[in-house]
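Good morning, and thank you for coming. Please look at the structure on the screen while I take you through some of its features.

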Amino acid sequence: MRFASPLLAVLTAAGLTAGLAVGSASADDSLTSFAAQSVRSPIAQDRFYFVMTDRYRDGDPSNNTGGVSGGLEQTGYEPTSDAYFHGGDLAGLTGRCDPADPDDDGLARLKRLGFTAVWITPPFVQRTVQGSSAAYHGYWFLDLTRPDPHLGTEQEFAAFTACAQRLGIKVFVDVVVNHTADVISYPQGNAFVSLAKAPYRTATGRVFNPWSYTDGTAFPRLSARRSFAKTPVVEPEYRTAKAPAVLNQVTRYHNRGDIAWGSCVGRCEMDGDFSGLDDIMTEDWTVVRALADAYGDWITRYGIDGFRIDTAKHVDPYFFGRWLPLVQQTATAAGRPQFTSFGEVWLTDAAQLSEMMLDRQLPSVLDFPYQDAVRQYVTGKAGGGLLAAVFGEDDYYTSATTNAYGLTTFLGNHDMGRIGFFLSTETQDSGQPLLERALLAHDLLYLTRGVPVVYYGDEVGMTGSGDGTDKRARQDMFATQVQEWQREERIGGSPIGSGTSFAESTALEARLRDLARLRTEHPALATGAMITRYGSGAMFAASRIDSGRRLEYLVAFNTSDQPTSATIATATPGATWQPLLGGAAATSDGSGAVALTLPPRSSTVLVADRALPTPGAPSVSVRVGKDRVTGRYRLAAEVPGADPSTVTFLLRRPGGSWTVAGTDDARPFRVFVPPGRGSVEVAAVVTDTAGQRAATSPVRVRIAPFL
Ligand SMILES: [Ca+2]
Ligand SMILES: [Ca+2]
Ligand SMILES: [Ca+2]
């Protein structure tokens, strides 16, 4: 794997064997000038609404068949089936753009619900029907330079983004770089063929590895007949259907058959076709450039704010380090320097998931480990200890430019199913207790670290039926003609029948508005340092720190059907804690301990009535060890006392200049850095909440690979 950050360059360039070292506190004044704040991503304060455009609102029935006539195979339109287009579109999602109009159910409704960003499913021209399903979801593009006619015109896309900008809602577009629609087939069949069995060959027959050409070396010329494990054949009517045009060339794909789900790992997951979808040769610079230009155009033309990147795990490991800088250049040139992206990488292990950011250069990813833990916690399958354990791995995400505060967090989605489905099928609850669990889940989403993403329909209590996944999790907000959906349970309400989900206001919507207001009025609840305080039994609690005002908040959750009590440590002794959400006031004793009792299935947000105590002179020590989970070196700093301080870790080659490895604002203070060759010097700088600083002396350590 290639490493592009300056930190990694420092580590990989240096000399010899592994070792451990400890550096003690001292007052090296020159190092204290490197003290930095913990990173916050450009979306750290945002609240996302993830919407499947086809299923939200039909603003223009004339586009429902995508501008073509004919049967289902041609139009893809069948609102009584969960597998086809239903008529929702950009005009419907945009609405009248009048936040003062309570009947405007478009973007103005999202604004009223407190959302500051919208993530839409891919809006690009699709292959309308594949097999017995249509591309209403957007993940089968043919032409990524234009919106799909079912969703609207370029003018309507422009009106959508203009409205979003007027309302202060960021627009994130779901993009696919791993694959296109399935128009390539193989006479040899779809079974995956390994590289060992049939390596890639150039047009002249020389064996090569595409990964060897990701450093800028000109990609070899390929031949459809000679280069691949399979012979790619395109259906005649699709030979010029793709855009950008380079994607019409069959040599721009991996052509080695389907990913074998269950048995394939590593290269097979990246080079195989995702259920037949043509897997793009993302190693080829021509392709990288074409995808950057075509997707970049949406930023230039419409002023969008970011991408959600589909199936990122299946893209070659070098791609994002090559493609995203090009996209970012375009965004900066378009006056959008805050443009950012988050990837979809379905891994529930934080150590593995963090590699997608640290090694593969994604600025953020959807936090699947968080989703998995919250699902287990709110359904009562796991206690608060599981949440504490997941947050305990947050330091894996920390680098000079990234950390866990920028992860996009969620409770369910269009693939795995809705949080309402999990709650209604995995607990015995119904009625008010079920609603309370759903409220609790959303409280967690908004009050713990990360960027909350609400899946459309969750705010009206949608659940699901059947297995609740994929097609079954993509209900209509407008009046649905899918019979099962008319009958499905609604949390906090009753089955929707033939009505629309816009008609009533729900308790979940009211809570989302309250939570949005809390995050706006108390920014620490969105972006403040989060320190896990308690995770045991049914209870989880964490502090959020407002470092500017030197103020501590306490958020706590109880999933039990009984009142639950716990004594929770804080950094603010002798305070009265006032509730901002739920619960009652509490007090902390002279050591900062707060005795808290939460009612069944409830949350509380408390704020201390006095500032954090002024800390004494700070001191810090640093220790370097091996992390056998990741194969990285762990830099850990010890800072005595309870002050919510911040530690910046520094790194250099002996005699070189210092680089920031990362800044951590929550104990335990750690960053993880990859091994390399030879020695590096490590140091740590602490900044306490009073602004006092101290640094360790430099510690020399050898950092050879050890796994
Ligand atoms: Ca329509
Ligand atoms: Ca791939
Ligand atoms: Ca930490």
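**Helix packing and calcium sites**

I begin with a pair of helices, α11 and α14, whose crossing is right-handed. Please keep in mind that this model is predicted. Helix α11 covers residues 368-378 and helix α14 covers residues 431-447; they pack at an angle of about 145°, and their axes are 10 Å apart. Which residues meet there? From α11 come Tyr-370, Val-374, Tyr-377 and Val-378, and they meet Arg-437, Ala-441, Leu-444 and Leu-445 of α14. By type, the residues of this contact comprise 7 nonpolar, no polar and 1 charged.

I turn now to the calcium ion listed as ligand 1. Its protein donors lie 2.2 to 2.7 Å away: Asp-58 (OD), Asp-60 (O), Asn-63 (OD1), Asn-64 (OD1), Gly-87 (O) and Asp-89 (OD). The angles among the 6 donor atoms run from 62 to 171°, and the site is irregular. Asn-63 sits in the loop between β3 (48-51) and α3 (72-75), whereas Gly-87 sits in the loop between α3 and α4 (90-94), so this pair ties together parts 24 residues apart in sequence. Asn-63 and Gly-87 are both buried.

The calcium ion that is ligand 2 is coordinated at 2.3 to 2.5 Å by Asn-178 (OD1), Met-270 (O), Asp-279 (OD), Asp-279 (OD) and His-314 (O). Here, Asn-178 in the loop between β9 (170-175) and β10 (184-185) and Asp-279 in the loop between α7 (267-271) and α8 (285-302) link distant parts of the chain, 101 residues apart. Are these two buried or exposed? Asn-178 is buried, with a relative accessible area of 1%, and Asp-279 is buried at 0% relative accessibility.

Definitions and conventions:
Residues numbered from 1 in each chain as written. Chains lettered and ligands numbered in written order. Predicted model: local features only at pLDDT ≥ 70, side-chain atom pairs only at ≥ 80, totals over all residues. Heavy atoms only, no water. Donors = N, O, S within 2.8 Å, 3.2 Å for Na, K, Ca; no water. Tetrahedral: all angles 85-135°; square planar, octahedral: opposite > 155°, others 65-115°. Helix = DSSP H or I, 4+ residues; strand = E, 2+ residues; numbered from the N terminus. Buried < 20%, exposed > 50% of the residue type's maximum accessible area, 1.4 Å probe, protein only. Axes fitted to C-alpha atoms, helices over the stretch in contact; angles between N-to-C directions. Left-handed = near helix turned anticlockwise from the far one by under 90°. Contact = heavy atoms within 4.5 Å. Nonpolar A, V, L, I, M, F, W, Y, C, P; charged D, E, K, R; others polar.
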